[in-house]
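Colleague: I would like to learn how to read a model of this kind, feature by feature. Could we go through it together, with the general idea before each case?

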Amino acid sequence: MNNVVAIIVKTLLNLGIAPNTKGYHYLRDIIFMCVTSDEHITNFSKTLYAKLADKYQTSECSIERAVRHAIKSGWYRHNEELAEKIFMNTLQSTNDIPTNSVFISTVSEWIRINCADLM
């Protein structure tokens with residue numbers, strides 16, 4: 001499991017997500033849950049935000065807002081080559097910022113597919 005966390009951390013850092021934000025920690029946990037469990041990948045906003053809200057003793061709305069902020073702020077300083085590999089055709093243009101659900105599901109699937117041998 002440590003390999004999975006290391007891959008997630010490296011990916012988030014290369015996508016410009018700053019580790020000093022709450023959203024970074026929430027994204028790390030959400031993506032870990034999605035990568036390690038098939039059931040969460042399609043229904044994470046209802047179940048995972050609630051689990052994280054309990055874990056961090058905050059509201060689901062706060063989790064969602066922090067994740068959105070981390071994605072938006074990181075998007076302007078991400079590794080272009082990696083972002084292109086991960087997001088390929090999921091965004092309309094290169095200026096589009098992915099939504100929380102697109103970011104989480106796409107990164108989770110990319111890690112699951114491309115790093116399966118390391119898990």
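Colleague: Which residues are buried in helix 6?

Modeller: Buried means under 20% relative accessible area, exposed means over 50%, and partly exposed lies in between, with a 1.4 Å probe and protein chains only. In helix 6, the buried residues are Asn100, Phe103, Ile104, Thr106, Val107, Ser108, Trp110, Ile111 and Arg112. This is a predicted model, in which local features need pLDDT of at least 70 and side-chain atom pairs count only at pLDDT 80 or more, while totals for chains, interfaces and linings use all residues. Residues are numbered from 1 along each chain as its sequence is written, and side-chain values use heavy atoms, with hydrogens and water left out.

Colleague: How many residues does helix 6 have, and what span does it reach?

Modeller: Helices (H or I, at least four residues) and strands (E, at least two) are DSSP runs, numbered from the N terminus, and the expected span of a helix is 1.5 Å times one less than its number of residues. Helix 6, residues 100-114, has 15 residues and reaches 21 Å from its first C-alpha to its last, close to the 21 Å expected. The protein as a whole comes to 6 helices and 0 strands, and 45% of its 119 residues count as buried.

Colleague: How is a pair of aromatic rings described, and how many aromatic pairs does the count come to?

Modeller: A pair of aromatic rings is described by the distance of the centres and the angle of the planes. Rings of Phe, Tyr and Trp (its six-membered ring) pair if their centres lie within 6.5 Å, and planes under 30 degrees apart count as stacked, over 60 as edge-to-face and the rest as tilted. By this rule the count comes to 3 aromatic pairs. Tyr26 and Tyr56 form one that is edge-to-face, at 5.0 Å centre to centre with 65° between the planes. This pair links distant parts of the chain, since Tyr26 lies in helix 2 (residues 22-36) and Tyr56 in helix 3 (residues 44-56), 30 residues apart. Tyr26 counts as buried because its relative accessibility is 6%, whereas Tyr56, at 29%, counts as partly exposed.

Colleague: Why is the pair of Phe87 and Phe103 tilted?

Modeller: The ring centres of Phe87 and Phe103 are 5.7 Å apart and the planes stand at 35°, so the pair is tilted. Phe87 lies in helix 5 (residues 80-87) and Phe103 in helix 6, so the pair ties together parts 16 residues apart in sequence. Phe87 is buried at 2% relative accessibility, and Phe103 is buried at 1%. Ring pairs link Trp75, Phe87 and Phe103 into a cluster.

Colleague: Which residues does Thr11 touch, not counting those up to four places away in sequence?

Modeller: Contact means heavy atoms within 4.5 Å. Thr11, in helix 1 (residues 2-14), touches Leu82, Ile86, Val107, Trp110 and Ile111 when residues up to four places away are not counted. Thr11 counts as buried because its relative accessibility is 5%. Leu82, placed in helix 5, is buried with a relative accessible area of 14%. The C-alpha atoms of Leu82 and Thr11 are separated by 8.5 Å, although the two residues are 71 apart along the chain. Leaving aside neighbours within four places in sequence, Leu82 is in contact with Thr11, Asn14, Leu15 and Trp110.

Colleague: How many disulfides does a search of the whole structure find?

Modeller: A disulfide is a pair of cysteine sulfur atoms within 2.5 Å, and the search finds 0 disulfides. Cys34 is buried at 0% relative accessibility, whereas Cys61 is partly exposed, with a relative accessible area of 48%.
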